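Here is a short briefing to read alongside the model.

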Amino acid sequence: GYTTLEMDAAISARYAGRKTILAYDLRNEPTFWMLQSASYPGDAKPPLLSRKMLDRYGERRLLAYVNVAYIIALAGYGFTDNVVVACACYVAYTFVMPLSSMASATYLQKIAVPEDLAPSFAMGTTMQHAAAIIVPVAAGYVLNFYGYQIPFMIACGFACLTFLVTRRLDPVAQRAPARHLERHVVDRARC
(Lines give C-alpha, C1' and ligand atoms only; values in the text may rest on other atoms or scores of the structure.)
Protein backbone atom coordinates (compact mmCIF):
# COMPACT_ATOMS: atom_id res chain seq x y z
CA GLY A 1 0.00 0.00 0.00
CA TYR A 2 0.95 3.55 -0.70
CA THR A 3 0.57 6.45 1.66
CA THR A 4 -1.34 9.50 0.50
CA LEU A 5 1.88 11.49 0.11
CA GLU A 6 3.50 8.73 -1.97
CA MET A 7 0.42 8.53 -4.19
CA ASP A 8 0.34 12.33 -4.61
CA ALA A 9 4.05 12.32 -5.51
CA ALA A 10 3.52 9.53 -8.07
CA ILE A 11 0.59 11.35 -9.69
CA SER A 12 2.51 14.64 -9.75
CA ALA A 13 5.53 12.94 -11.33
CA ARG A 14 3.36 11.27 -13.99
CA TYR A 15 1.69 14.53 -15.05
CA ALA A 16 4.70 16.84 -14.62
CA GLY A 17 4.92 19.29 -17.50
CA ARG A 18 1.47 18.45 -18.87
CA LYS A 19 -1.38 20.93 -19.05
CA THR A 20 -3.67 18.95 -16.76
CA ILE A 21 -5.78 20.18 -13.89
CA LEU A 22 -4.82 17.99 -10.93
CA ALA A 23 -6.94 19.45 -8.14
CA TYR A 24 -10.69 19.41 -7.61
CA ASP A 25 -11.95 21.34 -4.60
CA LEU A 26 -15.50 20.26 -3.74
CA ARG A 27 -15.88 22.72 -0.86
CA ASN A 28 -15.29 25.77 -3.05
CA GLU A 29 -16.97 24.54 -6.21
CA PRO A 30 -19.67 26.94 -7.43
CA THR A 31 -23.01 25.24 -7.91
CA PHE A 32 -25.80 26.13 -10.27
CA TRP A 33 -27.78 27.55 -7.36
CA MET A 34 -24.95 29.94 -6.47
CA LEU A 35 -24.68 31.09 -10.08
CA GLN A 36 -28.41 31.61 -10.57
CA SER A 37 -28.85 33.37 -7.22
CA ALA A 38 -26.38 35.98 -8.41
CA SER A 39 -28.93 37.08 -10.99
CA TYR A 40 -32.25 36.07 -9.41
CA PRO A 41 -32.65 37.51 -5.91
CA GLY A 42 -34.99 36.23 -3.26
CA ASP A 43 -37.85 33.99 -4.28
CA ALA A 44 -37.79 35.02 -7.95
CA LYS A 45 -37.54 31.85 -10.01
CA PRO A 46 -35.29 31.92 -13.09
CA PRO A 47 -37.07 31.08 -16.34
CA LEU A 48 -34.90 28.01 -16.94
CA LEU A 49 -36.14 26.36 -13.77
CA SER A 50 -39.79 27.06 -14.33
CA ARG A 51 -42.40 25.23 -16.35
CA LYS A 52 -42.17 27.90 -19.06
CA MET A 53 -39.35 26.13 -20.87
CA LEU A 54 -41.14 22.77 -20.72
CA ASP A 55 -44.44 24.28 -21.82
CA ARG A 56 -42.81 26.13 -24.69
CA TYR A 57 -40.50 23.42 -26.06
CA GLY A 58 -41.81 20.14 -24.63
CA GLU A 59 -39.77 17.40 -23.00
CA ARG A 60 -38.44 15.87 -26.20
CA ARG A 61 -37.00 19.07 -27.62
CA LEU A 62 -35.73 20.30 -24.24
CA LEU A 63 -33.97 16.99 -23.54
CA ALA A 64 -32.45 17.12 -27.04
CA TYR A 65 -31.08 20.63 -26.34
CA VAL A 66 -29.74 19.47 -22.97
CA ASN A 67 -27.97 16.50 -24.55
CA VAL A 68 -26.42 18.70 -27.25
CA ALA A 69 -25.13 20.96 -24.45
CA TYR A 70 -23.75 17.87 -22.68
CA ILE A 71 -22.00 16.75 -25.88
CA ILE A 72 -20.41 20.18 -26.39
CA ALA A 73 -19.35 20.49 -22.74
CA LEU A 74 -17.91 16.96 -22.51
CA ALA A 75 -16.05 17.30 -25.82
CA GLY A 76 -14.76 20.66 -24.59
CA TYR A 77 -13.50 19.05 -21.39
CA GLY A 78 -11.72 16.33 -23.36
CA PHE A 79 -10.05 18.46 -26.01
CA THR A 80 -9.19 21.75 -24.36
CA ASP A 81 -6.01 22.82 -22.63
CA ASN A 82 -7.45 26.26 -21.93
CA VAL A 83 -8.74 26.84 -18.39
CA VAL A 84 -11.24 29.48 -19.55
CA VAL A 85 -12.80 27.07 -22.06
CA ALA A 86 -12.91 24.34 -19.39
CA CYS A 87 -14.68 26.77 -17.02
CA ALA A 88 -17.18 27.71 -19.75
CA CYS A 89 -17.87 24.00 -20.33
CA TYR A 90 -18.39 23.56 -16.60
CA VAL A 91 -20.85 26.46 -16.43
CA ALA A 92 -22.76 25.14 -19.45
CA TYR A 93 -22.87 21.62 -17.99
CA THR A 94 -24.00 22.87 -14.58
CA PHE A 95 -26.55 25.20 -16.15
CA VAL A 96 -28.40 22.50 -18.10
CA MET A 97 -28.21 19.68 -15.54
CA PRO A 98 -31.36 20.72 -13.62
CA LEU A 99 -33.26 20.95 -16.91
CA SER A 100 -32.47 17.32 -17.63
CA SER A 101 -33.88 16.13 -14.31
CA MET A 102 -36.95 18.32 -14.59
CA ALA A 103 -37.78 17.31 -18.17
CA SER A 104 -37.24 13.61 -17.43
CA ALA A 105 -39.49 13.74 -14.38
CA THR A 106 -42.22 15.57 -16.29
CA TYR A 107 -42.04 13.06 -19.14
CA LEU A 108 -42.36 10.18 -16.69
CA GLN A 109 -45.40 11.84 -15.12
CA LYS A 110 -47.03 12.01 -18.56
CA ILE A 111 -46.54 8.35 -19.46
CA ALA A 112 -46.68 6.47 -16.15
CA VAL A 113 -49.59 5.53 -13.93
CA PRO A 114 -49.51 7.66 -10.74
CA GLU A 115 -48.95 4.57 -8.56
CA ASP A 116 -45.77 3.77 -10.49
CA LEU A 117 -44.20 7.22 -10.13
CA ALA A 118 -42.70 6.84 -6.64
CA PRO A 119 -41.03 3.45 -7.34
CA SER A 120 -39.76 4.74 -10.70
CA PHE A 121 -38.26 7.87 -9.17
CA ALA A 122 -36.75 5.79 -6.36
CA MET A 123 -35.16 3.39 -8.86
CA GLY A 124 -33.80 6.31 -10.89
CA THR A 125 -32.24 7.82 -7.78
CA THR A 126 -30.74 4.46 -6.82
CA MET A 127 -29.23 4.06 -10.29
CA GLN A 128 -27.79 7.59 -10.13
CA HIS A 129 -26.21 6.85 -6.76
CA ALA A 130 -24.73 3.58 -8.03
CA ALA A 131 -23.31 5.40 -11.06
CA ALA A 132 -21.91 8.10 -8.76
CA ILE A 133 -19.86 5.40 -7.04
CA ILE A 134 -18.83 3.25 -10.00
CA VAL A 135 -18.16 5.88 -12.68
CA PRO A 136 -15.50 7.91 -10.79
CA VAL A 137 -13.55 4.76 -9.96
CA ALA A 138 -13.64 3.52 -13.56
CA ALA A 139 -12.95 6.99 -14.94
CA GLY A 140 -10.02 7.43 -12.54
CA TYR A 141 -8.51 4.16 -13.71
CA VAL A 142 -8.92 5.10 -17.39
CA LEU A 143 -7.68 8.65 -16.72
CA ASN A 144 -4.57 7.41 -14.94
CA PHE A 145 -3.54 4.81 -17.52
CA TYR A 146 -4.88 6.10 -20.85
CA GLY A 147 -5.23 9.89 -20.55
CA TYR A 148 -7.75 12.39 -19.31
CA GLN A 149 -9.50 12.69 -22.68
CA ILE A 150 -10.83 9.12 -22.78
CA PRO A 151 -13.40 9.34 -19.94
CA PHE A 152 -14.82 12.52 -21.46
CA MET A 153 -15.05 10.94 -24.91
CA ILE A 154 -16.84 7.92 -23.42
CA ALA A 155 -19.27 10.26 -21.64
CA CYS A 156 -19.68 12.23 -24.88
CA GLY A 157 -20.56 8.96 -26.65
CA PHE A 158 -23.21 8.22 -24.02
CA ALA A 159 -24.60 11.75 -24.44
CA CYS A 160 -24.83 11.15 -28.22
CA LEU A 161 -26.67 7.88 -27.60
CA THR A 162 -29.01 9.63 -25.15
CA PHE A 163 -29.65 12.34 -27.74
CA LEU A 164 -30.71 9.71 -30.29
CA VAL A 165 -32.98 7.99 -27.77
CA THR A 166 -34.47 11.36 -26.77
CA ARG A 167 -35.47 12.03 -30.38
CA ARG A 168 -37.73 8.96 -30.20
CA LEU A 169 -39.73 10.13 -27.17
CA ASP A 170 -43.47 10.25 -27.80
CA PRO A 171 -45.64 10.77 -24.69
CA VAL A 172 -48.84 9.67 -26.40
CA ALA A 173 -47.52 6.47 -27.98
CA GLN A 174 -45.38 5.50 -24.97
CA ARG A 175 -48.07 6.02 -22.37
CA ALA A 176 -48.69 3.06 -20.07
CA PRO A 177 -51.76 0.98 -21.04
CA ALA A 178 -53.43 1.80 -17.72
CA ARG A 179 -52.85 5.49 -18.44
CA HIS A 180 -54.66 5.12 -21.80
CA LEU A 181 -57.64 3.56 -20.01
CA GLU A 182 -57.56 6.27 -17.33
CA ARG A 183 -57.71 8.98 -19.97
CA HIS A 184 -60.49 7.18 -21.86
CA VAL A 185 -62.59 6.97 -18.66
CA VAL A 186 -62.03 10.69 -17.98
CA ASP A 187 -63.02 11.56 -21.55
CA ARG A 188 -66.26 9.51 -21.23
CA ALA A 189 -67.10 11.23 -17.93
CA ARG A 190 -66.86 14.62 -19.63
CA CYS A 191 -69.39 13.62 -22.30
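Let's start with Thr80, which sits in the loop between H3 and H4. Please keep in mind that this is a predicted model. The protein as a whole has seven helices and zero strands, so its pattern along the sequence reads α-α-α-α-α-α-α.

- Thr80 counts as buried, because its relative accessibility is 15% and the cut-off for buried is under 20%.
- A polar atom of the Thr80 side chain lies 3.0 Å from the backbone nitrogen of Asn82.

**Burial overall**
- The protein has 191 residues, and 26% of them count as buried.

**The salt bridge**
- How many salt bridges does a search of the whole structure find? The search finds one.
- The partners are Lys110 and Glu59, with their closest N and O atoms 3.0 Å apart.
- Lys110 belongs to helix H4 (residues 83-111) and Glu59 to helix H3, so this pair ties together parts that lie 51 residues apart in sequence.
- As background, side chains of opposite charge can pair when their charged atoms come close.
- Is Glu59 buried or exposed? Glu59 counts as buried, at 5% relative accessibility.
- Lys110, for its part, is partly exposed, with a relative accessible area of 37%.

**The positive patch**
- Four arginines, namely Arg56, Arg60, Arg61 and Arg167, form a positive surface patch.
- One of them, Arg60, is found in helix H3, which covers residues 51-79.
- Arg60 has a relative accessible area of 37% and is therefore partly exposed.

**The nonpolar patch**
- Another part of the surface to look at is a nonpolar patch of about 860 Å², made by Tyr141, Phe145, Tyr146, Ile150, Ile154, Phe158, Leu161 and Val165.
- Which elements give two or more residues to this nonpolar patch? They are helix H5 (114-146) and helix H6 (149-166).
- H6 provides the largest share of the nonpolar patch, with five residues.
- Val165, one of the residues that make the patch, lies in helix H6.

Methods:
Residues numbered from 1 in each chain as written. Predicted model: local features only at pLDDT ≥ 70, side-chain atom pairs only at ≥ 80, totals over all residues. Heavy atoms only, no water. Patch = residues over 30% accessible without salt bridge, like charges linked within 9 Å, V, L, I, M, F, W, Y side chains within 5 Å. Areas by Shrake-Rupley, 256 points an atom, 1.4 Å probe, with all protein chains shown as cover. Salt bridge = Lys/Arg side-chain N within 4 Å of Asp/Glu carboxyl O. Lys, Arg positive; Asp, Glu negative; His and termini not counted. Charge placed at Lys NZ, Arg CZ, Asp CG, Glu CD. Helix = DSSP H or I, 4+ residues; strand = E, 2+ residues; numbered from the N terminus. Buried < 20%, exposed > 50% of the residue type's maximum accessible area, 1.4 Å probe, protein only. Polar contact = N/O pair within 3.5 Å; in protein donor to acceptor, adjacent residues only side chain to side chain.
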